[in-house]
Amino acid sequence: MKAWIVYDKDNENTIITWADTRGKAKCKLLYKNDVFDLKYTDIRAKRFKEYDDRTKVSIVELLDKGWWFSCQECGKQISIDMIKEKKAFLTKEDNDTGIDGGVICLECKNKKNSWFQYIFRSLSC
């Protein structure tokens, strides 16, 4: 199986997938994002040969190569520098993008922590 980076022409949706052909790889993004009104002709696929022997790619590895990812809560762009500066954090997000892990910005993490603390205190009464 061949590894592919598949993305739309606006770079708003990107996955890493494994397929025998470029066309099959493009179809995986098309079917994954059927709510986004993507057209087959707007999808691009590039070979990602260095990952042919894997089934997932670590998000840290991609961040180190200069990739950025969207916060899983608000969509803010997260880079490796933000992770190093503790302005964003890695998560164990389970997804079907071929990428192992996710990211969350500091603001969203704090909001989630506050919400969990509120719920915990409410249940402790």
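Student: Which order do the elements of the protein run in, from the N terminus on?
Tutor: Happy to start there. Residues are numbered from 1 along each chain as its sequence is written, and in this predicted model local features need pLDDT of at least 70, side-chain atom pairs count only at pLDDT 80 or more, and totals for chains, interfaces and linings use all residues. Side-chain values use heavy atoms, with hydrogens and water left out. The protein has four helices and nine strands, where helices (H or I, at least four residues) and strands (E, at least two) are DSSP runs numbered from the N terminus, and the order is β-β-α-β-β-α-β-β-α-β-β-β-α.

Student: What share of the residues is buried?
Tutor: Buried means under 20% relative accessible area, exposed over 50%, and partly exposed in between, with a 1.4 Å probe and protein chains only. Among the 125 residues of the protein, the buried share is 35%.

Student: Which residues are closest to the centre of the largest pocket?
Tutor: A pocket is an open set of points on a 1 Å grid over the protein atoms alone, with protein on both sides within 12 Å along at least five of seven lines; lining residues have an atom within 4 Å of a point. The largest one has a volume of about 670 Å³, the space filled by probe spheres set on the points, which are joined across faces, edges and corners. Of its 25 lining residues, the closest to the centre are Glu12, Asn13, Thr14, Phe69 and Ser70.

Student: How is the aromatic pair of phenylalanine 48 and tyrosine 51 classed?
Tutor: Rings of Phe, Tyr and Trp (its six-membered ring) pair if their centres lie within 6.5 Å; planes under 30 degrees apart count as stacked, over 60 as edge-to-face and the rest as tilted. Phenylalanine 48 is buried at 9% relative accessible area, and tyrosine 51 is buried at 0%. Their rings lie 4.4 Å centre to centre with 55° between the planes, and the pair is tilted.

Student: Why is the pair of phenylalanine 48 and tryptophan 67 given its class?
Tutor: The centres of the two rings are 6.2 Å apart and the planes are at 25°, so this pair is stacked. Phenylalanine 48 sits in the loop between strand E3 (43-47) and strand E4 (57-58), and tryptophan 67 in the loop between helix H2 (59-64) and E5, 19 residues apart. The class rests on that angle, 25°.

Definitions and conventions:
On a 1 Å grid over the protein atoms alone, a cavity is a set of points where a 1.4 Å probe fits but cannot get out, and a pocket is an open set with protein on both sides within 12 Å along at least five of seven lines; lining residues have an atom within 4 Å of a point.
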